[in-house]
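Me: I'm new to reading protein structures. Could you walk me through a few features, one at a time?

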Amino acid sequence: MADATATARDAIRRLHRAPEPDVLAPLLRDAALDSDSRIRVETRARAMLAELRAAQSRGWVNQFLQEYRLNTQEGVALLSLAEAFLRVPDPETADSLIADKLGEGDWRSHKGKSHSGLVNSATWGLVIGRALVSESDEASALKRLIGRVGEPFVRQAVGGAMRMMGEIFVMGRTIDEAIERMRKRENRGFTASFDMLGEAARTLPDAARYFAAYEGAIRAVGAAAGEGHSISVKLSALHPRYEVAQYEGCVPALVEKVEVLATMAANLGIGLTIDAEESERLEMSLDIIGKVAGLPALEGWDGLGMAVQAYGKRCRPTIAWADALGARTGRRIAVRLVKGAYWDTEIKRTQEQGLPDYPLFTRKAATDVSYLACARDMLAARHIYPAFATHNALTVATLLEWADDSRDFEFQRLHGMGEGLYETMVREQGYHTRIYAPVGGHRDLLAYLVRRLLENGANSSFVHQLADENLTDDQILADPVAKIVAVGGTRHPSIPLPANLFAPERPNSEGIDLNDRPELKRVAGIVAGKLEWQPAVTSAGDHPEACRREAKQAVDRALAGFASWAGRAVDERAACLERLADLLERDRDTLMRIAVQEAKKTIADALAEVREAVDFCRYYAARGRAGLAPIELPGPTGERNVLRMEGRGVFVCIAPWNFPLAIFLGQVSAALVTGNTVIAKPAPQTPEIAAYAVGLAHGAGVPEDALILAAGGPDMGAALVEDPRIAGIAFTGSTATAKRIARTLVADDAEEGPGRPIIPFIAETGGINAMIVDSTALPEQVVQDVVTSAFRSAGQRCSALRLLVLQEDVAARTLEMLEGAMDTLVVGDPADPATDVGPVIDRGAHDRLMEYRAAQQNSWLKTVETPAEGLYVPPTLISIPAIEDLRKEWFGPLLHVTTWRAGELAETVRRVNASGFGLTMGLHSRIARAAEAVEVAATVGNLYVNRSMIGAIVGSQPFGGEGLSGTGPKAGGPHYLPRFCAERVTSTDTTSAGGNATLLSLEDVSF
Ligand SMILES: Cc1cc2nc3c(=O)[nH]c(=O)nc-3n(C[C@H](O)[C@H](O)[C@H](O)COP(=O)(O)OP(=O)(O)OC[C@H]3O[C@@H](n4cnc5c(N)ncnc54)[C@H](O)[C@@H]3O)c2cc1C
């Protein structure tokens, strides 16, 4: 008989992205209540609502949260202020942040609205605060009035308020403080599960710090074992690379760490529960928990626990797995059933990755249904000790109905939430309730705090609805089963499947779930395999004469093919591109293999490459259909004016090696759909993927004389550009080559006669891309985005970050974290899924970068190990004294870093602009006005705020620079296609045949 844990794992895999109605159907059956039960549950829940409301009206913070909900501008402003304020070290930026956030709200409208005097006085504080930080006459008067206290007063008041908010959600700054607080009257009868705050570790030292904190906490809780407390552990805090791609490294390391912690906990007789995190980590976490549960040293210990998320489609089999694991290892596993804390992030991520369906439910009521059905499973399971974590009175009332007289389970709530729900049950009815109690300093609480505030503020959340005076109790207690039955279990209509994200314009490109281990292994096997396809790339090599001959023949053919291709309807040309997109998806594995082997792309980059190419084809097809139809223009009566967008002739498309498929096909598909014939020259380093793509295009119906591949190096490029018969050029590459092309285009000026026409030249070139970081930014997020932007693709993207400009007040801390994060980078074979940074493209690039890097050795802040063999350039952090000291683009994983002074943001942007390049810029700041100011001042094509600077998405982030970085128009944007077109207008005098018949036959109109 198959092991029950294995059967459950199979079911987990099957349900991962299954259609929502299919997953919900069996859950609905088990979550349903018969009518008598439903009446009892509702009665009980109504009583709880009353108790909850009474409790909530007691706390001023509860009232504060009710007054400032997240659906008000003021609520959002306070949330952003709370998230950032406590980490800002310098007064100047703190004041700007306050001014920014208080400036956003209409605080006066909240005056005197709350039932709580404290909330009303806090509102007064905000009204005065806003006035103080604004620049009005009123503010000056007020400032004079308050005199010397002025802004420091506001800063102190806001700081105090934010700290108080922190205390609401955090049990103590240290574990001892937290244990002590649990002894207070307000917590009488409750136990706690302590969690050491700090979200995911970014560096090994961070992970070590968290590990030590957990050890300390277990010791302290163990010393008070009689009080029944336990510990909650986040695996992402224990390892900086807790990722599926790093499975081989992180899983054994985490098993080892959890084993140490669990053994300590077991010896001290306390429980330890592993928190549930993002859905992509579920299977890894089960592997870890499974291994730890099987350790002989922990035999017979009932304290091992795990959290399971009901919003996940895999919740039910995960519970079955826990039960089977308990049976196999002869213990009860403590399962904490939660609904799940990462819903919004998960939805976004699935859309970005273009995956077939969501791993979680899209309607709140579906999560409730899943919760109830899974709770029922848990109550019936023999090897699970159930812990129900919820603040929802209806959920609690239903569980009490099902549990009947049993007390062999517990409820759990978060510290600072659900007050009033459990007190009577705990103190008068013998139920056990545990408080999840975060422990940590203010700096660590922010990410956690934001999640809690979001939870309190979301429209769909129970605690939010409880506070909403517009909702009746009937509405709040509506049966989730009935809600889901009413919609047939279907997905939420506002959350389209990722494939339909751009509907109706076009389908989104399909992704691969690289966080699915078997799928990742399959892909890794494919990209490492031998290339079966042998391209028939002919190239004239480096002989200028041969190149000229070949180029001439290509232009001859493309000219010959022009009339027929241009004569086809745009619909027909667009359909060819759409077929090409489908073929690219059909052959995605092969294309990824060539991208990895020829262009040295990592697996994730290779996938992104194919997806972008697909998106380009579909996007330009759609834009062509929508934008190239003839336009009838207005004019005087008696004439007809029509504007037509037509192909210009032969376009030469010159693509780079760093996006050998995406940019290659982006240029080609734009030129084709507009009716041009195309000679496509790939980079000499990457002819194979280009040849494959051209083969697919021909297979999709593009005639062979409408798209001609001209492989070769600079001589071939020069020969094509020199041909005076070509009608346009699309080029992506270095600024120096772009300038050479521009010179060639006017080189015949001195000759007799008119010479060649001036033709469109669309150039995308390089950049000295800077990211500016101020002291309100979240260092963990900055570091992650810096590592991605500077080192992913070995820094070989035009958009890559070259210059990090840190506000000096936070430079040391950010650099320390960045250096630690660099230590965790894996440099190696791009076909290995674990690799973050592969080799650079060729020997020439390698030697240039290494020589420059060596020359900068005295300024290295950090560098990392690479394999001895191969064209690897170690990711390196190079300090430079000033922005002006970087004047050249170094196309590799070399990141320069310098600082700027608070208050000099505009000047800093001006200095960055002064390089003359204008491709990408990044800004990390929580101050909206800073983002607005940079948006106005930055002369770049693409500005990225609070995110990484790479990975522009076709149609969402049109890409391309200005100044030394390119001519525009932007690739993947709405203005790209017209540049490839000749605009022709025909004006016809419709009266010339003898009179204005239309005018004369106008109907009479009555007035
Ligand atoms: C003791 C304790 C421990 C916790 N540990 C974890 C943990 O380890 N991991 C973790 O992820 N969370 C954890 N949480 C957080 C928990 O996920 C949230 O507090 C919980 O989801 C809130 O549920 P509720 O029943 O209190 O409120 P409700 O208002 O009834 O439910 C809100 C929840 O519904 C879900 N939801 C909201 N909108 C939608 C939608 N459109 N479609 C589908 N679902 C939706 C979300 O999960 C949301 O959090 C823990 C909570 C507690 C109380």
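Reply: Happy to. Let's start in a loop: Gly-955 sits in the one that runs between β23 (942-945) and β24 (962-963). Keep in mind that this is a predicted model.

Me: Is Gly-955 buried, exposed or partly exposed?

Reply: You look at the relative accessible area and see which band it falls in. Buried is under 20% and exposed is over 50%, with partly exposed in between. Gly-955 has a relative accessible area of 34%, so it is partly exposed.

Me: And which residues does Gly-955 touch, apart from those up to four places away in sequence?

Reply: Arg-506, Tyr-619 and Gly-972.

Me: Which other residue has a positive phi without being a glycine?

Reply: Asp-404, with phi near 55°. You'll find Asp-404 in the loop between α18 and β7. Its relative accessibility is 53%, so Asp-404 counts as exposed.

Me: What about peptide bonds? Where is there a cis one?

Reply: Most peptide bonds are trans. Here, though, a cis bond links Ala-503 to Pro-504, with omega about 0°. Pro-504 belongs to the loop between α23 (480-486) and α24. Another cis bond links Gly-968 to Pro-969, and there omega is about -5°. Pro-969 is in the loop between β24 and β25 (981-989).

Me: Now helices. How do I describe a pair that packs together?

Reply: Start with the angle between the axes and how far apart they are. Helix α17 (residues 364-380) packs against helix α18 (residues 393-403) at about 30°, and their axes are 11 Å apart. That angle makes α17 roughly parallel to α18, and α17 passes α18 in a right-handed crossing.

Me: Which residues of α17 and α18 meet?

Reply: From α17 you have Tyr-371, Leu-372, Ala-375, Arg-376 and Leu-379, and they meet Thr-395, Thr-398, Leu-399, Trp-402 and Ala-403 of α18. Sorted by class, this contact of α17 with α18 has seven nonpolar residues, two polar and one charged.

Me: What angle do α24 and α27 make?

Reply: About 60°, for helix α24 (residues 517-528) against helix α27 (residues 588-599), with the axes 8 Å apart. That makes α24 oblique to α27. The crossing of α24 past α27 is right-handed. On the α24 side the contact uses Arg-522, Val-523, Ile-526, Val-527 and Ala-528, and on the α27 side Asp-589, Met-592, Arg-593, Val-596 and Gln-597. By class, the α24 and α27 contact has six nonpolar, one polar and three charged residues.

Me: And what if the angle is over 145 degrees?

Reply: Then the pair counts as roughly antiparallel. Helix α1 (residues 4-15) and helix α14 (residues 282-293) pack at about 170°, with axes 12 Å apart, so α1 and α14 are roughly antiparallel to each other. Arg-9, Ile-12 and Arg-13 of α1 make the contact with Leu-282, Glu-283, Leu-286 and Asp-287 of α14. That contact of α1 with α14 has three nonpolar residues, no polar ones and four charged.

Me: Last one: is Glu-410 buried or exposed?

Reply: Use the cut-off from before: under 20% means buried. Glu-410 is at 3% relative accessibility, so it counts as buried. Its place is in strand β7 (residues 410-414).

Methods: Residues are numbered from 1 along each chain as its sequence is written. This is a predicted model: local features need pLDDT of at least 70, side-chain atom pairs count only at pLDDT 80 or more; totals for chains, interfaces and linings use all residues. Side-chain values use heavy atoms; hydrogens and water are left out. Axes are lines fitted to C-alpha atoms, for helices over the stretch in contact, and angles run from 0 to 180 degrees between N-to-C directions. Helices (H or I, at least four residues) and strands (E, at least two) are DSSP runs, numbered from the N terminus. Angles under 35 degrees count as roughly parallel, over 145 as roughly antiparallel, 65 to 115 as roughly perpendicular and the rest as oblique. A crossing is left-handed if the near helix is turned anticlockwise from the far one by less than a right angle, and right-handed if clockwise. Contact means heavy atoms within 4.5 Å. Ala, Val, Leu, Ile, Met, Phe, Trp, Tyr, Cys and Pro count as nonpolar, Asp, Glu, Lys and Arg as charged, and the others, Gly among them, as polar. Buried means under 20% relative accessible area, exposed over 50%, partly exposed in between (1.4 Å probe, protein chains only).
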